[in-house]
Amino acid sequence: MKFNADEIASIIQQEIQQYESHIDIREVGTVLEVGDGIARVYGLSGIMAGEMVEFPGGINGLAFNLEENSVGVIILGDYLSIKEGDEVKALGKLLSVPVGEAVLGRVVDPLGNPLDGMGPIQTGDSRPVEFLAPGVSERKPVTEPMQTGIKAIDAMTPIGRGQRELVIGDRKTGKTAIAIDAILNQKDTGVKCFYVAVGQKDSSVAAVVEILRQHGAMEYTTVIVAGASAPAPLQYIAPYSGTAMAEYFMFNSQHALIVYDDLSKQASAYRELSLLMRRPPGREAYPGDVFYCHSRLLERSSKLSDALGAGSLTSLPIIETLEGEVSAYIPTNVISITDGQIYLQPDLFFAGQRPAMNAGISVSRVGGNAQIKAMKKVAGGLRLDLAAFRELEAFAQLGTELDPATQARLDRGYRMVELLKQGQYAPMNVIDQVFSIYAGTRGHLDEIPRVDVLRWEQEFLDFVHAKHSDLWNNLAEAKDLTPEITEGIESAIAAFQSTFVPTKQEEF
């Protein structure tokens with residue numbers, strides 16, 4: 001076989017012309033020690049705080065502590081496969097997660113990797129996990145209701161789109177149940193929901209996902225999981241990752257709701273990382289910047305101005321207290337950051353009051369601005385009335401003789417407490433709530449035995465839907481109690497009262 005010298009020369013000449021030199025300059029370091037989810041790395045003198053690094057095997061880490069002779073790195077993955085002497089590369093970028101419509105309906109880890117066995121997440125969009133919160137001029141006041149479907153909350157501590165409402169209470173008092181009901185109630189509203197599980201048992205998270213699936217809520221919900229078995233670095237960044245995914249919709253003129261379940265566990269994970277990094281401990285051994293850890297997270301929830309598209313991100317952070325100790329370090333921090341709190345009390349829970357909300361110290365700092373006019377009118381004084389009823393009830397337990405007016409207030413209070421009870425995973429339409437609370441606050445239940453209050457409510461709402469659907473539609477359209485609608489509700493109640501048969505039973 002003969003070679004043509006001209007051909008060879010032309011090919012070599014072509015290669016020379018097309019040659020481009022690519023010099024891959026990367027900062028590399030060496031692992032000095034590793035364990036418990038952190039690594040100390042020598043070298044990487046030009047690295048920045050929060051910059052990503054890569055260990056052998058594709059495991060990522062985050063520069064956490066910049067020291068004189070080494071860098072403290074938190075490892076986002078299996079740290080057991082990393083050993084002393086391994087090479088570490090600086091990637092020159094910030095930690096980002098996939099965002100967009102593709103993450104809806106999925107269960108992912110804090111890095112955006114799928115955990116549900118439904119294949120990779122197909123999206124070209126990503127957002128940095130840490131992002132600066134919108135400034136004051138980029139926001140506008142919270143005025144749009146974010147209905148939870150829970151009578152006690154929508155009536156007494158209403159939540160608006162863009163608000164941060166803390167759910168606080170001891171373990172097993174129904175905190176997660178409130179958050180799940182709020183997610184279920186966003187069906188057909190266009191609100192995208194994000195549930196961040198931090199430090200929860202995997203079985204508990206699986207149960208939550210199953211409930212969301214059964215009620216058709218997974219279509220608009222993303223679950224971000226950093227379970228109790230996950231390393232502390234993943235538990236620490238999980239809320240930021242969830243917020244980045246939710247912010248995508250807020251900045252695209254849509255509405256999102258995010259639940260952090262719970263931030264006590266995230267604070268513990270952050271404390272663990274900080275102590276391992278030899279950062280000085282402060283109160284309760286938490287590092288001094290644990291307030292900043294939560295404030296920069298919750299400040300990202302906002303109602304954007306019209307110029308930015310008027311999107312919103314509403315957050316429901318959950319905090320677990322020990323023996324009702326709301327004056328501990330982390331609870332007081334988060335109370336001071338949020339726009340109100342729903343306080344759940346164990347003794348109310350065990351007495352059968354579900355949700356076990358203490359009306360006296362639960363508050364919403366947005367208040368009536370986050371309610372429709374009709375609800376504002378029927379539930380205006382309800383919170384104060386219930387708080388006064390609790391005090392009166394405690395006084396009545398002394399066994400003193402009560403005058404008829406006081407007894408009447410007590411009787412109505414007992415009926416309102418019954419009326420505000422609600423089953424789990426059964427959120428109620430706000431118009432139904434208005435009908436129900438109107439009947440209670442206007443005294444139409446005063447003659448109904450306490451055991452019959454919830455049955456009366458259910459049958460009355462069925463009666464309204466069947467016989468007075470035009471009245472229901474008028475109220476849904478007007479969202480206000482006009483004189484005609486009020487008259488219609490009164491006549492509907494009167495018509496129903498004549499058909500209601502009380503249970504033949506002594507009052508308890």
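Let's start with Asn-185. Asn-185 sits in the loop between helix 3 (175-184) and strand 11 (192-198). Helices here are DSSP runs of H or I with at least four residues, strands are runs of E with at least two, and both are numbered from the N terminus. Is Asn-185 buried or exposed? Asn-185 counts as buried, because its relative accessibility is 17%. Buried means under 20% relative accessible area, exposed means over 50%, and partly exposed lies in between, with a 1.4 Å probe and protein chains only. Which residues does Asn-185 touch? Leaving out residues up to four places away in sequence, they are Gln-147, Thr-148, Gly-149, Pro-427 and Met-428. Contact means heavy atoms within 4.5 Å.

A word on the model. This is a predicted model, where local features need pLDDT of at least 70 and side-chain atom pairs count only at pLDDT 80 or more, while totals for chains, interfaces and linings use all residues. Residues are numbered from 1 along each chain as its sequence is written, and side-chain values use heavy atoms, without hydrogens and water.

Now the overall layout. The protein chain divides into domain 1 (25-94), domain 2 (98-371) and domain 3 (378-498). Those bounds come from an automatic or database domain assignment. The C-alpha centres of domain 1 and domain 3 are 61 Å apart.

In an unreviewed entry, it lists "domain: ATPase F1/V1/A1 complex alpha/beta subunit N-terminal" for residues 26-92. Such annotations may be inferred rather than shown by experiment; feature names are shortened, and positions follow the numbering used here. Residues 26-92 are 0% helix and 55% strand, with end C-alpha atoms 9 Å apart. The unreviewed entry's nucleotide-binding domain annotation in UniProt covers residues 149-364. That span is 39% helix and 19% strand, and its end C-alpha atoms lie 16 Å apart.

Next, strands. Two strands pair if DSSP finds at least two bridges between them. Strand 6 (residues 87-94) runs antiparallel to strand 1 (residues 28-35), joined by three bridges. Val-28 has Lys-89 as its bridge partner there. Strand 6 also pairs with strand 3 (residues 51-54), antiparallel, over three bridges. On that side, Glu-54 stands opposite Lys-89.

Finally, two helices. Helix 11 (residues 382-396) has 15 residues and should span 21 Å at 1.5 Å a residue; its end C-alpha atoms are 20 Å apart, which agrees. The expected span is 1.5 Å times one less than the number of residues. Leu-382, Leu-386, Phe-389, Leu-392 and Glu-393 are buried in helix 11. They fall within an arc of 120° down the axis, so they line one face of the helix. The arc is taken over directions from the helix axis to the C-beta atoms. Leu-384 and Glu-391 are exposed on the face turned away.

Helix 16 (residues 483-497) buries Ile-485, Gly-488, Ile-489, Ala-492, Ile-493 and Phe-496. Their arc is within 135°, so they too line one face. Pro-483, Glu-484 and Glu-487 are exposed on the other side. The buried residues of helix 16 pack against helix 13 (430-441), helix 14 (453-467) and helix 15 (469-478).
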